[in-house]
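Subject: Structure for your review

Dear colleague,

Please find the structure below, followed by an account of what was found in it. I would be grateful if you would read the two side by side.

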Amino acid sequence: MDYKILFKEQNEEIKERYELAMNRVADIINEDSVKEPFKDYFEKVASFILQIKELVEMVESSQLAKKSMNELKVLNESLYEDIILENYNVSYANPEYSMKTLGEKYAKLLSFLYAEIRGMIPYAYESRLFDITIYLELFVEIYNYFEEENEHTYKDVKSAIYYFVSDYSEITVKYRIREALDPELSFATDIIMNEDLTDLRYLYSFGEYITENEIAIATYLNNLDESAIEAMAKTYVEGFRKGFELARIDLSKKTTVNIRYSVGFERIVRVAIKEFERLNLKPVIYRAAVASIHKNQHHKIGYYSTSPNKQYDYDHRFDDAIYLDKAFTEQKLVYLRKAYDEYKELAKGYAGPAVMETFGERPFAPINKPEAAKLEDKQQKLAVNYRRDASLIIEDYIKSSEYSFTIIAYPIPEIGEYFEEIFNETVKINTLDYQMYKEIQQSIIDALDQGEYVHILGSGKNMTDIKVKLHELQNPEKESNFENCLADVNIPVGEVFTSPMLTGTNGILHVSKVYLNELEYKELYLTFEDGKIKEYTCGNFGDEEANRNFVKENLMYNRDTLPLGEFAIGTNTTAYVMARKYDIADKLPILIAEKTGPHFAVGDTCYRMSEENKIYNPDGKEIVAKDNECSILRKTEIEKAYFNCHTDITIPYDELGEISVYNHNGDKTVIIKDGKFVLTGTERLNEVFENA
């Protein structure tokens, strides 16, 4: 079915409302009924909306297909120019500029409104007139309040925004859930499968911001042999299939796979879709959220392109603070369950996400702007509780024990002049010798399984000094604490990991510089007491309160503490050497970076809500360390068991002094010393250091 047919009837029903509202917006530009500085705001936002009107007309009449590459480029830049580079300094989407020009009273509300309205760009490309119309009507309503601005206007505007988000939440939540489950919503899939991918004009069909990254990667992939494309696609799909096999989950019962990727990689994704079809899986490919009601801070989940401005994304990460309250979160949970209940058959067929990440963008160090919307303490708790309760609802319809995933990563051209060499080396890293790593990692596991705790020490300026308590094995001949992680769900190969005991896990974790969820942390310190974060800070800002807030908001997701959900030893020295060779350690995604040293994940364990599944290592031993003192509460107080986050923090080999395991008698076995593997059976991992 043509994707547009799905919206044809809805668009016809809304057309009159759309035209009335759009005509009213057009009148605003020539009116003088609103005083400055608000007159300028409404005129500029109205001008942007009229661009959307022209875009809608071009989409409806198929004019975009007739435009040249340069014409499409000009159009794309015009849609995003207000928030890129120096333009953002004088954009009402910038909370700082809004505060300066509009004043403290209205700045956050009006900056929020404009950011939401900018979501009309993808709505236009997807022919979603309903979504455009309701924002048009909100804009006109708020404009009307400013025509007779008085002491009640602020309250009226805030109320209009609140009831807009609240009243339409049943519809918007339902559609977002459908996007994640229904292959008939095939906007992106249709482009990937039907467009001529050698004609790079197709990139502008998505409605995303298109940069040299997307153009260059698509060009590069077009120049590769079909066999190379097939090999990458098969590695990706086979990793997904292996996840089901290793977890002993029946893949034949599943019908859909959620493909998440970055625009520009369509040639690989097209072949992957065909490979997934061999597994009887249809693709579900949805866009990263553009409305605040669906966002998870600044994180992007779905398909997306290079961000036009990461500071813009960061500034609006807590825009839900404008309307978040207890009544709204309770209502949203009701609508979430109602939506999943309506799509429960699709939910049963959901096999999980197949994620293709990218890396190589210039590192982003955000500016914490006091003018940006921010959650108050009460709202922080509401947001935490909502994520917890929402995850439990989702678990009722998509059980964690019945689906799997895979993640793989490739560089983008922005990584620098050695892009092609780095891309080729990444492909090799993604396909390293499975058998060799299986044997080496088993040697490490055999040593670790003798231990009571592991002691990790930093070297030089790295102040890490932490003891990680291990579970006591009841039957060492048949059980193991650590999973031998090979190239299946988590590509590339290269780690052994466990869910440690919390009680008895104590000490300091320190990393001089690390990038987590696209944010840079300088001098990150986490102090653990009985496995939970007791103290935390970083060195990003001159003010200690700002440092602590940065960690709490972005690493701890506004919680007061998080447990240590995972401890792992990365073994992919090949990836580490590549990072040093090309000086790209700060650009590696955590997917690869976590394999280049020991890493510690704060939040849930890797086995969240699938602890009862029996999992075995290649040697036949069952992995039994899947719970900790928090997750075990799922049996009695499930609302206290999970945190719905899992963030890996890696200490690179060159900041590592020692990793040793101690048994109950106090005997010590050294695994890594001064950044090199010294345990018998691991020596081959050092060969890449010697040959570098």
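A residue is called buried when its relative accessible area is under 20%, exposed when it is over 50%, and partly exposed in between, with a 1.4 Å probe and protein chains only. Please note that this is a predicted model, in which local features need pLDDT of at least 70 and side-chain atom pairs count only at pLDDT 80 or more, while totals for chains, interfaces and linings use all residues. Residues are numbered from 1 along each chain as its sequence is written, and side-chain values use heavy atoms, with hydrogens and water left out.

Helix α11

Helices (H or I, at least four residues) and strands (E, at least two) are DSSP runs, numbered from the N terminus. Helix α11 spans residues 212-222, and eight of its eleven residues are buried. These are Asn 213, Glu 214, Ile 215, Ala 216, Ile 217, Ala 218, Tyr 220 and Leu 221. Among the elements that cover them are α3 (69-80), α12 (226-247) and β4 (406-411), where contact means heavy atoms within 4.5 Å.

Aromatic pairs

Rings of Phe, Tyr and Trp (its six-membered ring) pair if their centres lie within 6.5 Å; planes under 30 degrees apart count as stacked, over 60 as edge-to-face and the rest as tilted. The structure holds 44 such pairs. In one of them, the ring centres of Phe 7 and Tyr 175 are 6.0 Å apart and the planes stand at 55°, so this pair is tilted. It links distant parts of the chain, as Phe 7 in helix α1 (residues 5-28) and Tyr 175 in helix α9 (residues 169-181) are 168 residues apart. Phe 7 counts as buried at 6% relative accessibility, and Tyr 175 is buried at 16%.

Cavities

A cavity is a set of points, on a 1 Å grid over the protein atoms alone, where a 1.4 Å probe fits but cannot get out; lining residues have an atom within 4 Å of a point. Grid points are joined across faces, edges and corners, and a volume is the space filled by probe spheres set on the points. The structure holds seven cavities of 30 Å³ or more. Of the 28 residues that line it, the closest to its centre are Ala 289, Val 290, Lys 295, Tyr 312 and Asp 313. The second largest cavity has a volume of about 110 Å³, and 13 residues line it.

Yours sincerely

Technical notes. On a 1 Å grid over the protein atoms alone, a cavity is a set of points where a 1.4 Å probe fits but cannot get out, and a pocket is an open set with protein on both sides within 12 Å along at least five of seven lines; lining residues have an atom within 4 Å of a point.
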